[in-house]
Amino acid sequence: MHQRVSTAVCAALAAVLALIAVGGCERRPSCTGDYCGTLVFITGNNPDILNPAVSDNTGASDVEQQLFLKLADVGLSGNTIGDQDFVPELAQRWEWEGPRSIIFHLDPRAHWHDGRAVTAGDVEFSFDAYADTVVNSPARESLRRIASVRSRDSLTVVFTFSEHYPEMFYDAVYHMQILPRHLLAEVPRTEWRSSAFGRNPVGDGPYRFVSWTPNQSVELAADSTFFLGRPHIRRLIWHFAANLQVAVTQLVADQADALEYLGPPQFIQQAQKAPQLTLYPYKGSNYGYLGFNLRANGDTTRPHPIFGDRSVRRAITMGVDRAKLLLSVFGTHAKVPPGPMPQFWSIWDSTIRTLPYDPAAAAGLLAAHGWRMGPDSIRVKDGQKLSFHILAVTTSNVRQQYARLLQESLRPLGVDVQIDALEQNALQQRLAAGKYDAVLEAWQASPTPSSGITQLWTSHGATNYSRYANPEFENLVTRATSGTTTRDAASRLWRGAMDLLNADAPGIWLFAPDNVAAIHKRVADVQIRPDSWWALVRHWRIPADRLIDRDRAGR
Amino acid sequence: MTAWLLRRCAAAVAIVFAVVTLTFILIHLAPGTPFLPGPERAFDPAASARLERQLGLDRPLPVQFALYLGQLVRGNLGDSFSQHRPVSEALAEAVPNTLVLTGSALVLDFVVGIALGIFLAARARRASAALVDQVTLFFYSLPTFWLGMVLLLVFSVWLRWLPAGGITDSVVYPSLGAWGRIGDRLWHLILPAATLGLVGAAGTARFQRAALLEVLHGDFIRTARAKGLRERRVLLVHALRNALLPVITLFGLALPFLLTGAVLIETVFSWPGLGKLAVDAIFARDYPLVVAAAILASATVAGGSLVADLLYAAADPRIRVSGT
């Protein structure tokens, strides 16, 4: 009896091992030559839906970038003013018709992956959808100054703006990926977020959709008839990891080829040790800061008892050695920003005036404004202790680290800091309601300061949670983002605005990371655009003599 | 028996309803919105308010709850806010993945655990048993996610013998035949199932050993030995059946783990299962998905408890389920 059981167990084990061996060994090499290659991206960002009008996460936009084209795209210079640095995509060429209209001429070779031609009607339809409150596109706000989009013939479309401003062209082309009218016009717009199109999209880009297994992977295949040139890499696969740490582990274990952002130094070191990877540093698109609430915690009608005073904000800013903190958290992989800006913005200028680290001057300033050291080494003024809470999101190790470092940095100055760790959703609600003292924030920025700075630091900005308001600053921002301002003039205006903002110190600008991507060394011609990591993948290639099993396998 | 079963089922339904109600209220009262954009992206309160209106989230909570119960009765779990698809579809993908992982881990847990427990009891007070005892204690005290990370580092990153995550190799899987696909899935299952199973087995072994040692001192065992039965038969037939009762209880308690117990391992190994789905849904304030996951979890707990009682009765003739 026992022998029979043992035999059965052994047989079952042998069968399982045989199956595993089959799974491990069954490979069907099928592709050789210059247009082979499979690139596996690993990412912690799972797409929500593959319809660029409604999707709102980086996982989705990375994939959509390969599926859907814009009329034109930002060039490698990153310049968003005027039109001279933009690269044509669907639009073969364009011309200005007066100060407020742009005429785009579509490339007649452009086609959807189902074979239909891309027409001016698709562009007109796309604008209508992106601007529709029912669709509720995240890009809607960015298109508010476009008054109309009208097709003149099947290949000509005219954009008319409500006003003239330096980034008209950028607004016309950057926020909208054109959608196929023939597939979406009949879908009720209330149902776009759950429509079948978003699960099985038909695009016009260099890659066509193959499959999507939610929470696991997305696969695209090169469109060999792509009108701007056949992509060299045959298959793109996005593999979704639970978080960045898991993603780095899989990359280092050679289960993936590319990760756009390695994050903190320990992950960069891990990737450096993997012999199959090459690291590509590029300018970062995010930045972080400690934002002060200038209005009372929970009562936006009164000034904050501490941060309502400009001198106290300045003193606290001068009491923080930002360079030292940066070194502790990022090593040499980030810079202290000269304002609320990522490294890739054209207005980044290390000569912008910032408040220096000067603890003696900070202590003097506090004392001069009545904040005297109390018996418990915490400053006091009129019975009010110089004590505040910092909100920091639980999911960001960087911000948690910064919170603790700030707590320690400010203690010698007589400032008591308490840390409130909250998950993102709860934190967001506290910010919107103004129920906080200070918050550690980080932002992923678009290529231009126009929208980000306006939203965060002007009185009509939807996310100006600091409730900062300075008419002089706002005047400079308005002038930099409107009228016939040239790039140089805009830069001067932005610089002036940043000088003012830094002097008012509504926040302490803490970090602007250098992004580092890791890509398998067999991939050649790698170029990375800071605002859109994989935008140029169609130009990458894997030379025939560097192909590995992964490249040859597959459909 | 039937009356007892009916009463237990009615109690289970009541438990599930209570969990649904509580979860619905708590998740709706939690601060935040389901329409928060991705990390570090600007939040537009007006856009969020528009979406809340579209989905009826601006209505009073009792109205929302009544509407939800209405659709639940019709078998409709609603649409996921974060995944933009029916909740049933998301669950139908995640539940089998979790069942495969936790089911394999449970089999490993109880097969290895019981075998080790028998070994430890049979060789009590010998050096080999002491060594195995220390090893089981070591594994029992390990946090599963830590063991997972270590196994991942050794077998995937250093040795590169086993995959580092996912349930299939997305590069080759589409081109594999049916057997190849099964093999590929098993290949990806080894590390996560071993991680969960080994830690569980260490605990089960210690329970089993303790139970067997207690039974081995019984009169009926002495009688069996006096009758001249071989020691293996005494141990595996007479002692083991009587020593299985605590392990069966353990098994019943472990059943809910089939759906809920693998959150950390699903994260470490990028295993797209129910635990990870539920946790993501909570952070995303995906109300319909959170409540549906709670329904599944509570139903499994209630069902597991029922199954444990039935198994207990089957294993011990002295115990009878009763209608009184």
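**Asp128(A) and Arg189(A).** I looked up this pair and found their side chains joined by a salt bridge at 3.0 Å, N to O. The term needs a side-chain nitrogen of Lys or Arg within 4 Å of a carboxyl oxygen of Asp or Glu. Asp128(A) sits in helix H3 (residues 120–130) of chain A, and Arg189(A) in the loop between helix H5 (181–184) and strand E8 (207–213) of chain A, so the bridge ties together parts 61 residues apart in sequence. I take helices (H or I, at least four residues) and strands (E, at least two) as DSSP runs, numbered from the N terminus. Asp128(A) is partly exposed, at 43% relative accessibility. Buried is under 20% relative accessible area, exposed is over 50%, and partly exposed lies in between (1.4 Å probe, protein chains only).

**Ground rules.** The model is predicted: local features need pLDDT of at least 70, side-chain atom pairs count only at pLDDT 80 or more, and totals for chains, interfaces and linings use all residues. Residues are numbered from 1 along each chain as its sequence is written, chains are lettered from A and ligands numbered from 1 in the order in which they are written, and side-chain values use heavy atoms, with hydrogens and water left out.

**Helix H16 of chain A.** I found a salt bridge between the side chains of Arg550(A) and Asp254(A), 3.4 Å from N to O. Arg550(A) lies in helix H16 (residues 549–552) of chain A and Asp254(A) in the loop between helix H6 (244–252) and strand E11 (258–259) of chain A, so parts 296 residues apart in sequence are tied together. Arg550(A) is buried, at 13% relative accessible area. Asp254(A) is partly exposed, at 23%. I also noted a network of salt bridges linking Asp254(A), Asp257(A), Arg522(A), Arg550(A), Asp551(A) and Arg160(B). Within H16, Asp549(A) and Arg552(A) are 3 residues apart, about one turn of the helix. Their side chains meet in a salt bridge at 3.8 Å, N to O. Asp549(A) is exposed at 53%, while Arg552(A) is partly exposed at 24%. Over all chains, my search of the whole structure gave 34 salt bridges.

**Phe240(A).** I checked this residue of strand E10 (residues 235–240) of chain A. Phe240(A) is buried, at 3% relative accessible area. Its C-alpha atom is 6.1 Å from that of Asn46(A), 194 residues away along the chain. A touch is a contact, meaning heavy atoms within 4.5 Å.

**Helix H15 of chain A.** I compared lengths for H15 (residues 487–504): at 1.5 Å a residue, its 18 residues should span 26 Å, and the end C-alpha atoms are 26 Å apart, which agrees. The expected span is 1.5 Å times one less than the number of residues. Its buried residues include Leu493(A), Trp494(A) and Leu501(A). Their cover includes helix H8 (310–318) and strand E23 (507–513) of chain A.

**Chain B.** I counted 14 helices and 2 strands. Of its 324 residues, 47% are buried. Mean pLDDT, the predictor's confidence in each residue from 0 to 100, is 86 for chain B. The complex has an ipTM of 0.82 and a pTM of 0.87.
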